[in-house]
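Colleague: I would like to learn how to read the features of a model like this one. Could we go through it feature by feature?

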Amino acid sequence: MIIKHQRGRGSKVHLLLDDEYVITTDINFWMDNYIADGTDIDEEQWQELVEGINYKKALNKCADLLSRREHSVKELRAKLLRTVDPVSADKAINRYLEAGYLDDEHFCESLVDYLLNVKKYSANHVKQECYKRGVDSETVNRVLEDAQVDNVKTIVELIEGKYSSKLLQDNGREKVIGALQRKGFSYSDIKSAFYRLDNDEF
């Protein structure tokens, strides 16, 4: 198989086998693994080159995704698989795990803190959001235990803040209860919160 390359836009380099386009890489990878145009390579050499290209692509995609926000391992892998093969995805993920840039427990701590203190979700709702992102139940339970969640206190804060105007509407209390239940709060916790408010118990 005769290999050739063509410069693409920006830093892209297109590789051709027997004058047919096969794969694209970047100038940095190509300079590190340069093969002169017209070289006759065998299948083993080609597969080794392709594996290297895909691994570099997976590493770059990891860097891009993690620069935007933290991800769980499962979440990151699912996104990588949209553009790279499973072997390259797993190799890149393992590299980031070893380097400490990927950590499900740290991700879970950040997510739990955001959902509890900014979004004001119930503990149950927080659990479901963490599970959806691929964090295992043991990690989620440990992080929530450390967070010392007080659902009733959170409900009181929501009623006094976000839902205060809703209480003034017709059937306001029922509407607020419905909104709180949709956030995952139990009826018993909601009832306790209203009891605190009605009796000035804080």
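Colleague: How many bridges join strand 2 to strand 3?

Modeller: Helices (H or I, at least four residues) and strands (E, at least two) are DSSP runs, numbered from the N terminus, and two strands pair if DSSP finds at least two bridges between them. Here six bridges join strand 2 to strand 3, and the two run antiparallel, with Lys12 opposite Asp26 of strand 3. They form a hairpin with two residues between them, where Asp18 in the turn has a positive phi of about 50°. This is a predicted model, in which local features need pLDDT of at least 70 and side-chain atom pairs count only at pLDDT 80 or more, while totals for chains, interfaces and linings use all residues. Residues are numbered from 1 along each chain as its sequence is written, and side-chain values use heavy atoms, leaving out hydrogens and water.

Colleague: In what sense do strand 1 and strand 2 pair?

Modeller: Strand 1 and strand 2 pair in the antiparallel sense over five bridges, and Lys4 stands opposite Leu16 in strand 2. Four residues lie between these strands in their hairpin, and Gly10 in the turn has a positive phi of about 60°.

Colleague: Which residues of helix 2 are buried?

Modeller: An α-helix has 3.6 residues a turn, so residues three or four places apart point the same way. Buried means under 20% relative accessible area, exposed over 50%, partly exposed in between (1.4 Å probe, protein chains only). In helix 2 (residues 43-68), the buried residues include Trp46, Leu49, Val50, Ile53 and Asn54.

How values were computed
Expected span 1.5 Å × (residues − 1).
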